[in-house]
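This report covers the surroundings of the ligand and the nonpolar cores of one model.

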Amino acid sequence: MKLTARLLIEHYKLLVVGGGAGGCAIASKFVKALPKGSLAVVDPAKFHYYQPGFTLVGGGLMKKQDLTKNQSDVIPSGAVWINDGVNKFVPGKNLIVLNDGREIAYDFVVIATGLELRYDLIEGFPKALDTPGISSIYHPQYVEKTYKELQTFKGGTAIFTFPNAPIKCAGAPQKICYLSEEYFRETGIRDKTKVIYVTSLPKIFGVEKYAKELNKIVQARNIAVYNRQALKKVDTDSKTATFDILDENSQPTGKEQSLQYDFLHVAPPCSPIEALRKAAAEKSPLTDEKGWVKVDPKTLQGVEYKNVFAIGDCAGTPNAKTAAAVASQFKTLRRNLDAAMNNKTLNNEYDGYASCPLVIDKKHVILAEFNPQGPLETFPWDQSKPSRLSYLMKRYLMPPLYWHGLVKGRWNGPGTYRKIFHLGMKK
Ligand code: FAD
């Protein structure tokens, strides 16, 4: 009886869990090489968003509809789309369990489930998102509300938060702050508006080269920066935001600061999805203690389970979590996964590259490109300087590069261009 049930389990040569940036890139690449019906993508979402454009939607520079596609149009044709979420990973048995209870077995699995937005970790949320004055570009449902709130804001205190937790595109919370500050100037309310950026970090940006320029910008534009504070709760009746004051190890000191807000932009704490957190709670060697998929940060192969790979925000790698990182990881993963499937040695290594186009106003971007060791710039000029060309790339080049390059499995990141522009002198 048990044997019969086992034989009925759906089985795929390659199972991709999560059909976002990384999942679609890998599925697009491998679906062409594998026999029909042997690759499936598990993803519960109906829509696929170009998330890096959310900042521009919040600032009124793009429309959400321009960044949205039906997931059915993005999952590559030829791949089986399982339109449900993973509920449990059972890597010891090479299978996952879906939310509807179905078991799906695999020979190889790529985990690409991104991050879960954890507004629930802030007291008063997510309900507070529906109240006047509060918005968040991180949430597809509230990204447009950000621009609407900007349009109805009449001056007062505008607060922009950065959480005490991992977050995708760590630059986005300050990009929306800069675009909003510019909007307040354009609409003539800047002189009656106090702009405050409250961050859990000790400095404005992790990479010193860019932090130096950003510090000049916040000073010149009179944006107050409060460091080592994390949003703890919001009382929407009294319009009060309360922050934990953090110590040098980013732990709450027990002291708090409360600020009145008229406009509050919240960047939520993020975490791995629940199924990975569950694996962590069960001490599965699939993940570390927080639920990040435990992979070799260079080869992206599972440390314990060699038929498991991870790409993107869910991977336990030390890079900044961005779509730009996904593109560079994709180059490594597609080669290493192919090698593993053919019993060959894995010899491609991810260099930790990530990028964050820091939009500082409607015309300029500081194109931060870096890895955990420091800047890793593509172009032969100083990218820490605000640039019009970088803005044009962010606005007009990167969205099509995502839709026609990355998710189609055709964009490996700018490594080759970096070599050309630096005459082969940079890796
Ligand atoms: P995602 O693309 O998020 O995909 C994860 C997928 O997993 C989703 O399709 C989701 O539906 C699916 N999933 C979730 N739960 C389950 C489940 N239980 N089972 C199966 N599937 C599941 N990056 C940049 O490079 N530059 C930028 O300027 C930039 N700006 C950003 C601004 C904002 C406001 C935001 C939100 C992000 C920004 N990013 C930027 C980050 C970038 O979008 C992400 O790093 C990138 O999308 C990560 O790709 P991923 O494949 O890991 O995850």
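## Ligand shell

A residue counts as near a molecule if one of its heavy atoms lies within 4 Å of it. The ligand is surrounded by 37 residues, the closest being Gly22, Asp43, Val86, Asp313 and Ala324. By type, the shell holds 18 nonpolar, 13 polar and 6 charged residues; Pro counts as nonpolar and Gly as polar.

Helix 9 supplies the largest share of the shell, 3 residues. Helix 2 (21-31), helix 3 (54-58), helix 6 (172-186) and strand 20 (354-359) are among the elements that give at least two residues each. Helices (H or I, at least four residues) and strands (E, at least two) are DSSP runs, numbered from the N terminus.

## Basis of the model

The model is predicted: local features need pLDDT of at least 70, side-chain atom pairs count only at pLDDT 80 or more, and totals for chains, interfaces and linings use all residues. Residues are numbered from 1 along each chain as its sequence is written, and side-chain values use heavy atoms, without hydrogens and water.

## Polar contacts

Polar contacts are pairs of N or O atoms within 3.5 Å. Oxygen atoms of the ligand lie 3.1 Å from a backbone N or O atom of Ala21, 3.0 Å from a side-chain N or O atom of Gln51 and 2.9 Å from a polar backbone atom of Ala323. The protein covers 90% of the 1000 Å² of accessible area (Shrake-Rupley method, 1.4 Å probe) that the ligand has on its own.

## Nonpolar core

A nonpolar core joins buried Ala, Val, Leu, Ile, Met, Phe, Trp, Tyr and Cys residues through side-chain atoms within 4.5 Å, buried meaning under 20% relative accessible area. The largest core has 107 residues, of which Leu14, Ile26, Leu39, Phe205 and Leu337 touch the most other members. Helix 9 (residues 323-341) gives the most to this core, 8 residues.

Terms used: Buried < 20%, exposed > 50% of the residue type's maximum accessible area, 1.4 Å probe, protein only. Polar contact = N/O pair within 3.5 Å; in protein donor to acceptor, adjacent residues only side chain to side chain.
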